[in-house]
Amino acid sequence: LEAGSAEAAFKLGFCFREGDGVDKDPEQALEYFRKAAELGSVFAFCCIANLLYLRGEIEEAMLNFRKAAVCGWSDDGLFSQLRVGFRVGFITKEEYAFTLREHQVACDEMKSDARERCNALMARAPTMAL
């Protein structure tokens with residue numbers, strides 16, 4: 001981690017969350033996922049949010065779900081959490097609208113012809129081994 005690897009921090013967070021090779025330790029997992037997010041891992045925001053949600057820190061969890069969406073992370077579970085957060089009042093209408101708009105901006109910025117061709121190829125051959 002001294003070299004600043006988001007991937008290494010994320011993997012350590014996963015190990016501590018799952019107890020893979022180490023004792024399960026949600027606090028250590030949270031620390032490593034936060035480091036991974038700081039180093040650029042967008043998915044780490046979802047992992048942070050899930051751990052916070054389990055601890056009952058719903059507002060902080062929703063903030064991290066929103067960060068993941070604004071960075072362009074697309075996942076049905078993420079958007080389900082955001083919808084629930086909005087419906088029960090943990091996310092305001094303005095925050096929800098902002099999150100959806102910025103998610104679209106991030107996704108538009110990541111579009112390219114090569115990415116579209118790759119996605120089309122993968123859709124036609126979902127069982128193809130990589």
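Okay, let's start with charge: this protein carries 16 positive and 21 negative side chains, and the centres of the two sets sit 6 Å apart. For that count, Lys and Arg are positive, Asp and Glu are negative, and His and the chain ends are not counted. Each charge is placed at NZ of Lys, CZ of Arg, CG of Asp or CD of Glu.

Before I go on, the housekeeping. What you see is a predicted model, where local features need pLDDT of at least 70 and side-chain atom pairs count only at pLDDT 80 or more, while totals for chains, interfaces and linings use all residues. Residues are numbered from 1 along each chain as its sequence is written, and side-chain values use heavy atoms, with hydrogens and water left out.

Now the fold. We have seven helices and zero strands, so read from the N terminus it goes α-α-α-α-α-α-α, with helices (H or I, at least four residues) and strands (E, at least two) taken as DSSP runs and numbered from the N terminus. The C-alpha trace spans about 45 × 40 × 30 Å along its principal axes. Of the 130 residues, 30% are buried; buried means under 20% relative accessible area, exposed means over 50%, and partly exposed is in between, with a 1.4 Å probe and protein chains only. If you take contacts between residues at least 6 apart in sequence, 40% of them join residues at least 24 apart, a contact being heavy atoms within 4.5 Å.

Let's go inside. Which residues does Thr 99 touch, leaving aside its neighbours within four places in sequence? Thr 99 contacts Arg 66, Ala 69, Val 70 and Leu 82. Thr 99 belongs to helix 6, residues 93–109, and counts as buried because its relative accessibility is 1%.

Follow that to Arg 66, which is in helix 4. Is Arg 66 buried or exposed? Buried, because its relative accessibility is 14%. With neighbours within four places again set aside, Arg 66 is in contact with Leu 82, Ile 91, Glu 95, Phe 98 and Thr 99. So Leu 82 turns up for Arg 66 as well as for Thr 99, given what a contact is here.

Next, a glycine. Gly 72 is in the loop between helix 4 (58–70) and helix 5. At 13% relative accessibility, Gly 72 is on the buried side of the cut-off too. Beyond its neighbours within four places in sequence, Gly 72 contacts His 103, Ala 106, Cys 107 and Met 110. For a sense of distance, Gly 72 and Asn 50 are 22 residues apart in sequence, and their C-alpha atoms are 18 Å apart in space.

Glu 38 and Gly 4 are 34 residues apart along the chain, with their C-alpha atoms separated by 9.6 Å. And Glu 38 counts as exposed, because its relative accessibility is 61%.

What makes up the nonpolar surface patch of about 240 Å²? Val 84, Val 88 and Phe 90. Patches use residues with over 30% relative accessible area and no salt bridge, joining like charges within 9 Å and nonpolar side chains (Val, Leu, Ile, Met, Phe, Trp, Tyr) within 5 Å. Val 84 is in helix 5, residues 76–87, and is partly exposed, at 39% relative accessibility.

Last stop, salt bridges. How many does the structure hold? Seven, where a salt bridge is a side-chain nitrogen of Lys or Arg within 4 Å of a carboxyl oxygen of Asp or Glu. One of them pairs Arg 17 with Glu 18 at 2.7 Å, N to O; Arg 17 is partly exposed at 27%, and Glu 18 is partly exposed at 38%. Another is Asp 108 with Lys 111, closest N and O atoms 3.4 Å apart, and Asp 108 is partly exposed at 39%. Then there's Arg 55 with Glu 57, closest N and O atoms 2.7 Å apart. Arg 55 is partly exposed at 37%, and Glu 57 is partly exposed at 31%. Through shared partners, salt bridges join Glu 27, Arg 55 and Glu 57 into one network.

That's my tour, thanks.

Technical notes:
Accessible areas come from the Shrake-Rupley method with a 1.4 Å probe; for residues, only the protein chains shown count as cover.
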